[in-house]
Amino acid sequence: MNTQMGQAPVQNSHLPEETPFLRHIISMMLLFVLVLGIVGVNPFRQTLAPMDLLLAYPGWDNAGIDTPLINAERSDALDHRLPNWREFRRELWEGHIPLWNPLHQLGATGIQAPIYEGLSIPFIVYALTPNEAMGYTFAILTNYLLAAFGTYFLLFFMFSNRRAAVFGAMVFAFCGFNIAWAHWPHLTTSALIPWVLATQLRYWQTGRLSWALGFTFSVALMGLGGFPFVALLGAISSLILGIVVLLAELRSIGINQLPIRRIVGLGCAGTAGAFLALPGLLQTRDILDSTDLSSRTSGTAFSPYDIIYMFGSDFSDHLGVERTFSAGIPAALLTILSIYIIIRERNRFAILGLIIAIFTMATAFGAAPANLVKLIPGFDLNTWSRASILFGLSVAILSSYTINYISPTSPKYEPYYKSHVVLFICLLQAINLGYWFRQINARPDIETFFPETPSISYVLSKILPGQSIISDDSFLSSGFLSNYRLPELFAHGFRTGAQKKIAQDIAPSYQTTYTASVIQCSDINFSSRRITYAAVRFFLVRSGCATELAYETSGIGQRPTLPLNNGALKGNLVIDKPMSATSVQVLLATYKEGYAPSALIFDLYKDELLVAHAELPPEAIRDNQFATFSFNQAAPLVTGTYRYVISMTKPDSQKTLSAWAFETAGGATYQVGSSVFPGIPKIRVIEKTHLPQNFSITPVEPGIDVVENHVILGSGYYVHGLDGQPEADFGSVRLATYRPDDVTVEYSGATHGWVIFPIRTNKYWRATLDGKAVELKSFLDFFPAVEVNGQSKIRFYYDSSHLLKTLELCIAGFAVSVILLVMTNGRAPRLPTGT
């Protein structure tokens, strides 16, 4: 088959030869087996959910289940994706459409918002599977199968070579980006990119209406995939493909009616797909409109030099979400070889892969001027390194082109050894990708899927609708416990300005990233009235940690100390005020290991007198986190200079452990072994706080305390006014009926004021008072409030009529676009054999 640039038109000579359907079935089965082999999971005994990270934290120590920690970068799946998916699934199984999610930050748009992936194919698979753990595994596998099958068809339509298509399908489906982002909407969206390109190309080649409609639905599904930036990258790829085939067509036969009709047809089909996705995209726009995105930064962590890592993960097996992009060593070698082949024999699709690679170098690897890259829509608010998904696409195309060159379409005339060489390369590629996949994605036993603990069970048995919880870093990120249907104000996600003010008053240092929170118990302000306004009834915290920060070292810069394997870490602390210390926290580094290689001992001396002692087991020490050394009893510290000694019980361990230290700290020094360095380790001294009278502590299980706020009596409250800090009266408000999107409360008081239901709402919430529509006000610019003058019944509800209006408009737009597609569609006449 002629593949030269500038020959006959795409629609004719570049139509793949007719292949028996059975052969495609065999290729699909082979791909299915390869995907299962690379993932290496037994869905009946294992789950792909990252329960290794969940169970690595003290909050689940009493669950009676243990599993090794494989990767510590899977928190988003646990504090964002799965809490939302589990709530949507529960509602659907109960026969309700989850248009509102009461768990996510006390309230958020439900299944109709694409950023939660509730409109995606993997979620449908998860929701329909009776066993949740198995369903999540099938959902992840579905994404990889979608990516593999779509890439197979794309490459077959390009090169008409099934072996090359199977190889390239492996490359894209399990490129570093897709392996690293396995539990994010990034993969859900990227898995649809090959389908967009394949249907677009096939329509260009055949003019068949069925492929145009396939393009329509692929565009819609990609738009609803959950991550707009990756969808934008898919659209850019589609644009590049369109330009390449159009230029090749014009070079071959010049301007004629057929290419113009194809362009118009694709435009109509893409517009129809956009109309299908529009209702969901408008929901995403509403969410982003209420969010301050100014702190989101553009740019990339890569440099052009980093392209050498296409041969592996930083050459040191340091796989990481934001830096992993390699698509396998065999694929990288074949890609380099393809450049030589392109020089000898130009092919329009190989040149397409080269152009995509150049675009990736310019953006993801920062080869182009930053000001120029920022002119591309979307690149000013997103991390450019995520454009490395296009690296996987370009490598899939270029390596497949090389396979096609090595192993041509007609095996009858190819030397015997070539088929064995191709088979060997495919096996190497699968083994390479499988190894990397298992290095970054855990496969814990199926019984590890969200086990309950005594504290979680205790809170679940007592909490009421409208009430919420706060958990400390014993449960890692806020949002982890939302998986158990426990609402969390600090859960992962975008926050409004009003929400940030409430959060900062409750826990000033709550924010660890733009969207995630890790709360130290010592940072919680139990005296904050906003705890009551948010109806936070329970706090799940580390045992004995209802404390406050009494002293903290400070300085400039940071660096790890010499490993404590070289000797004890010693230095001085100058305490400037009397305190009763209950614990000391030290920021430690285990160098990517799940736990420390040894237990640690902390001793504090005043002159030569030992005033405090604590020992910490290895599993309580996490990489780049403060480790808490709790004293057996409070240590009274007076003003003065104290000497600390931090030592390993097993300093001869082969793995290292360091503390993080300020590089300079007003002339202070510290010592490791016999070596002295300027600076001071990052140390906090914690003392016990006096909880307000309305709080009590219940030690339900070893290591975890449940702190209860007894002011929170019910599900709503009354305040006399919306200004200042009024008293919240829960006793006069009773919950009558409850659905996540429809709540009725009864106010039994006789005075004028406001009834508040402590949830987050948006502009689509409405209210009625005794059956009559009333204006819905807000308390603290966050909680819905209705004015009352005496006993009354108040209904708060989510008005979904705007969705129906948008849907009607989009259906009309879709219908018009499809009609125009049919009217403008032109199919090339089938030419006689040999033409």
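**View 1. Cavities in the predicted model.** A search of the whole structure finds 5 cavities of 30 Å³ or more. A cavity is a set of points, on a 1 Å grid over the protein atoms alone, where a 1.4 Å probe fits but cannot get out. Grid points are joined across faces, edges and corners, and a volume is the space filled by probe spheres set on the points. This is a predicted model, in which local features need pLDDT of at least 70, side-chain atom pairs count only at pLDDT 80 or more, and totals for chains, interfaces and linings use all residues. Residues are numbered from 1 along each chain as its sequence is written, and side-chain values use heavy atoms, with hydrogens and water left out.

**View 2. Lining of the largest cavity.** The largest cavity holds about 60 Å³ of space. Its lining (residues with an atom within 4 Å of a point) consists of Leu 119, Ser 120, Ile 121, Pro 122, Asn 143, Leu 146, Thr 188, Leu 192, Leu 221, Leu 224 and Gly 225. Of these lining residues, 7 are nonpolar, 4 are polar and none is charged. Here Ala, Val, Leu, Ile, Met, Phe, Trp, Tyr, Cys and Pro count as nonpolar, Asp, Glu, Lys and Arg as charged, and the others, Gly among them, as polar. Helix H5 (121-128) and H6 each supply at least two residues of this lining. Helices (H or I, at least four residues) and strands (E, at least two) are DSSP runs, numbered from the N terminus.

**View 3. The largest nonpolar core.** This core has 156 residues, and Trp 60 and Phe 174 have the most contacts inside it. Its largest share, 18 residues, comes from helix H6 (residues 132-159). Apart from it lies another core, of 38 residues, among them Ile 621, Tyr 644, Ile 646 and Ala 661. A nonpolar core is a set of buried Ala, Val, Leu, Ile, Met, Phe, Trp, Tyr and Cys residues joined through side-chain atoms within 4.5 Å. Buried means under 20% relative accessible area, exposed over 50%, and partly exposed in between (1.4 Å probe, protein chains only).

View 4. Val 196 is found in helix H10 (residues 193-206). With a relative accessible area of 2%, Val 196 is buried. Leaving aside neighbours within four places in sequence, Val 196 is in contact (heavy atoms within 4.5 Å) with Phe 215, Ser 218, Val 219, Met 222 and Ser 238. The C-alpha atoms of Val 196 and Gly 234 are separated by 7.8 Å, although these residues are 38 residues apart along the chain.

**View 5. Strand S19 and its partners.** In strand S19 (residues 704-709), 6 of the 6 residues are buried, so the strand is largely enclosed by the rest of the structure. Ile 704, Val 706 and Glu 708 point one way, and Asp 705, Val 707 and Asn 709 the other. Strand S4 (residues 536-542) runs antiparallel to S19 and is joined to S19 by 5 bridges; two strands pair if DSSP finds at least two bridges between them. Phe 539 stands opposite Val 707. Strand S18 (residues 695-701) also pairs with S19 in the antiparallel sense, over 5 bridges, and Ser 696 stands opposite Glu 708. S18 and S19 form a hairpin with 2 residues between them, and Gly 703 in the turn has a positive phi of about 90 degrees.

Note on methods. 1 Å grid on protein atoms, 1.4 Å probe; cavity = no way out; pocket = protein on both sides within 12 Å on 5 of 7 lines; lining within 4 Å.
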